[in-house]
Amino acid sequence: MAPITTDNCEFECESSVETSIGTTIENSVAVSAGSGSGSNTHASRTNEQSNEVYLSEGQEHEQEQEDVPLEQMPWEAPGKQGLYDPQNEHEACGVGFIVAIDGKRSHKILRDAQTLSERMNHRGACACDNDTGDGAGVLASIPHGLYAKALSKEGITLPDLGDYATGIFYLDEAQHSAAEKEFNDLAQSLGLEVIAWRTVPSSQQAIGVVARKSEPLSRQVFVRRPEGSDEKDFQRKVFVLRKRASHELAKQGRRFYICSLSDRTVVYKGLFTSDQLWDYYTDLKNPEFETYLALVHTRFSTNTFPSWERAHPLRVLAHNGEINTLRGNVNLMKAREGVMESEAFGEQLKKLYPVVEPNLSDSGSFDCVLEFITMASDRSLPESVMTMVPEAWQNDKTMPQEKRDFYQWAACVMEPWDGPALISFTDGRYIGAVLDRNGLRPSRFYVTKENVLVMASEVGVYDVDPSQVTLKSRLKPGRMLLVDTKEKKLIQDIELKQHISKSRPHSEWLQQKMITLDEIRNANMLNALPVEDLSLLPASQRGIFDPRLSLFGYTTETVNMLLIPMFKNKKEALGSMGNDSPLACLSNFQPVAYEYFKQLFAQVTNPPIDPFREKVVMSMQCPLGPEANLLQPSAQQVHRIWLTNPILSIPDTQLLKRNTHRGWKTKVLDITFQFSDGVPGYLECIERVCREGYNAAQAGYQLIVISDRNAGSNGMTAVSALLALGALHHHLIETLQRMKVGIIVETAEAREVHHICVLLGYGADAICPYLAFELAQALRDDGVIGHEVTDKQIYAAYAQAIDTGIAKVMAKMGISTLQSYKSAQIFEAVGLGIDLVAKCFRGTQSRIGGVTLEILAKEGLERYQLTYCKISPDTRILRNPGHYHWRHGGEAHINEPSSIGSLQEAAVSKNLDAFEAFKKTTLDSVKKCALRGQLEFVSDRQKIDLSEVEPASEIVKRFATGAMSFGSISLEAHQTLAVTMNRIGGKSNTGEGGEDSDRYLNQDPNHSRRSAIKQVASGRFGVTASYLANADDLQIKMAQGAKPGEGGELPGYKVTKDIAKTRKSVPGVGLISPPPHHDIYSIEDLAELIYDLKCSNPNARISVKLVSEVGVGVVASGVAKGKAEHIVISGHDGGTGASSWTGIKNAGMPWELGIAETHQVLVLNNLRSRVPGLVVIPPAMTALETA
């Protein structure tokens, strides 16, 4: 077992807490007439304070309106600061429920739920005081008897069960009276009557020090059902009351949060470990608390800023997992406000917006939308869940047609909320669970002879005699488990979905309304326009000499290394050895806007998926065109164009631009302007596109095409298609017009997989990269591509290559469907200014600031000038600035030839002058390429005497080699590194290829070939008990810097006899590891692996290797709470044997940002002392920058 490290923060926390730690609030009741204003602080409550119930009548507002405080309130988590941003928080959890299928109430259900909860304690986590949980809670049916008895002691008669709603509020002592009065007034305005308020009895001594500091005043409200109101009408009125109260009563400096408000269920939750929950709320100990269902949850937040409010269960669900597409889901939900109408709510619907309340986690956002859809439409709760979390239906040929048609209809209604998830849900009648389409969360369930169903995220949480079990099973990917307590039956997935699929004529709607490209082609067969014959153009205007290539930033490397392999081989070309070229913001060669974006990827908190071996769950199919009203199921919802992939050919794009089939019409927005208008013309063009797009949506156009076709002719140049798209997309979202139109991008600018991904991520529904197609046609005519290749084959080859590339990019983030990926903004920007991001890429992280829209406009104009203004004869030839391979006079590279030559000479000849030359050129290259090169040393400080500095012999003991496996490099090189590091007292790393036992057993101390750091990765190559036992460090490789989110591959011809022996494999058989640690689906799984490795070698230090990206500090906090003792942060520029160029060039962030964020967040969490080892892995050459 790893020793438990205690932070000093434990004592700091205690010193700031008043002496009322042992306070217990007694369960007594008082009428509001004798109540005080509640001005004392919550921390100083005394034993005399009672469990008061306040009648709503006669209650006076005694508190003056206070000035809005600016300081952080005690219950608020830290806001954005430094490199920490709370929106990067993640969570993973344990979840389970127990339900009497026949709806019979008993106290035993609650006690069994307690057992479930406490046995999932390891699924939660503790804060820096080691005594405050990340959150735990229970959702149960209303214990009417308990509440009626508590209120009756004060002469208050509670109506019959079902004739009132109740819920617990988190308030603060200072303002709770005012908040309650405002709530009462709001309820009255909606035709509802508040019966009473009650302080929920609790025991403060049951919780940890950190939890006490932010402990709320828990108040419970009871709301009477109006006479003559039916059940559904009352539920909707209560929903409106809670939603409006959340929007209107929450104010700066006031704590106001509603855990739940329902006529069926009540939620008890807070900042607990799962065992503290049952001691804190004394209601839960009361034998009169009888329920027929109980849903429990324990939370592991990967940041230690969880809060009472963020604990689960939420209003209708408890969630174990992560929604990877959250930003897009939330953006599009806001956009739907422009097209939604509800018969149930009428004009009141607008007062329920925004549907997703601000500052919520992914689970909280999902909960808001699920509850909203169920309440505002005629869908049942299970159907709403099916809509938001569909099965992998697109490639399942065995699925019944009716169910396929339901899912296709649902896809036209809403994009999937995609990510690894076990979602348990209930509205008091139904209780169930659904698993994501990949099945990346565990879920098992039992049904007993007592007619009780128990579901949990793992086995062993509930004891039951096997002879009493009538059914034992597990949830499968995409499947749903449901109990209907009203009908008193367990409904299996097949029966449930068959019933929902047949509830409406989905198949008929699809046949009547769905549009395909083939249908549009057939409708326009007689009036199709001829495609321009490029072969008639002069040689100086076509192929590699087409001036538009230079205008849009193409290079010879773009053509030869990226595009030609895509057209020839139908897949993206591979690269190797990492990326040492400058960041886009440091480039001297007018980079296009796409190059400022880095792809995000999954690590630790959820797994990447394998786009090849899990291809069955992935899909590129998407609907195109306006969305109809989400809340009214109808045939109009499928009146959209169904695309099999997002790439449109040139003829198809021309068809859609003038399509009038079925009454559709398309507006083409020209994104070009006169070059002579300069930078102001560039900026005005973007504004014009936003105006014209808004007007088109208002005028009833179904499609918008933004096109730069006119660029290069008559003095016209183009705005970046990405900037125009991003600005238009967000403008339409803000004006609630986005769902009324589909957006097609016709551009010469996009050509690479990464470009297409960025366009899709920022709002494009389909893309026509026409210049890439025209180039391929010209290359075919010139013999570079086979003459026999037709235009259709060119389109198909490119589309297939792009599809494969997009799938790999999505898979890095654990996303399965393109429909979910679109508009999800799964990127971080490096070097874009705040104003530019706010206008075109709202919600995207850009932590170091950078270039403005004016600078990008200027660089775009420079490309036009270089191309058409005939500055030099050289500009007639396509440039090769050397983005991929170093070229003299081109882009700087950190590893440039003169540096390598100087280093070799210095090493071989011991030439100090050569070493000085190496140092100078290397540092100069770093200044041109990397963030750290922009920093300057402070020069005015007093010099430190050399005697106070550690000798070099001690400094080198902290050196460690990169993780290069035997197989990626030769055995001689691998062993030489190990011997060298052992001699100087440093550490070498095995990489993920294992290490033969003769290297670490019986070694000569002066010539030891043993690697001190032994790596464990997903392939488990060469990992044995002996291998683990003979290590100083055991390093868990969660991601690789050069290709985060991707796995490694060693071709069979490279697997020699020695390599096969070391890796416990067979010579000649290729070795493929899936994306690193594909078996680690959550932070809890990593914590379990850390524990297992510590058991295998108690003396080893457990290290976790992460890759820099936004939020890596938050992930590192979770890793620290998982008991890792050492964290490695790798940068985006590491080396690799082979990967697609998209992964090498466009995924991961500079390690400078990663190490800074990780340190800041660990300190902010008071966890830094748990991780004394925090290191980076820079590229091999830059490790010598300190020389």
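Biologist: What makes up the lining of the second largest cavity, in nonpolar, polar and charged residues?

Modeller: In this predicted model, that lining divides into 7 nonpolar, 4 polar and 6 charged residues. The lining holds 17 residues, of which Leu332, Glu627, Arg640, Met739 and Asp765 lie nearest the centre of the cavity.

Biologist: Which domains contribute to the lining of the second largest cavity?

Modeller: Domain 1 (92-510) and domain 2 (546-573 + 589-822 + 853-875) each supply at least three residues to it.

Biologist: How many cavities are counted, and what volume has the largest cavity?

Modeller: There are 12 cavities of 30 Å³ or more. The largest cavity has a volume of about 460 Å³, and the second largest cavity about 190 Å³.

Biologist: Why is Ala573 called buried?

Modeller: Buried means under 20% relative accessible area; Ala573 has 14% relative accessibility, and therefore counts as buried. Ala573 sits in the loop between helix H16 (556-569) and strand E19 (574-575). Beyond its neighbours within four places in sequence, Ala573 is in contact with Met561, Pro565, Ser1139, Ser1140 and Trp1141.

Biologist: How do you know that strands E13 and E14 pair?

Modeller: Pairing requires at least two bridges; 4 bridges join E13 (residues 444-448) to E14 (residues 452-456), so by this definition the two antiparallel strands pair.

Biologist: What makes E13 and E15 a pair?

Modeller: The cut-off is again at least two bridges; E13 and E15 (residues 469-474) have 5 bridges in the antiparallel sense, and therefore they pair. Tyr446 stands opposite Lys472 in E15.

Conventions. Residues numbered from 1 in each chain as written. Predicted model: local features only at pLDDT ≥ 70, side-chain atom pairs only at ≥ 80, totals over all residues. Heavy atoms only, no water. Buried < 20%, exposed > 50% of the residue type's maximum accessible area, 1.4 Å probe, protein only. Contact = heavy atoms within 4.5 Å. 1 Å grid on protein atoms, 1.4 Å probe; cavity = no way out; pocket = protein on both sides within 12 Å on 5 of 7 lines; lining within 4 Å. Points joined across faces, edges and corners; volume = space filled by probe spheres on them. Nonpolar A, V, L, I, M, F, W, Y, C, P; charged D, E, K, R; others polar. Domains from an automatic or database assignment.
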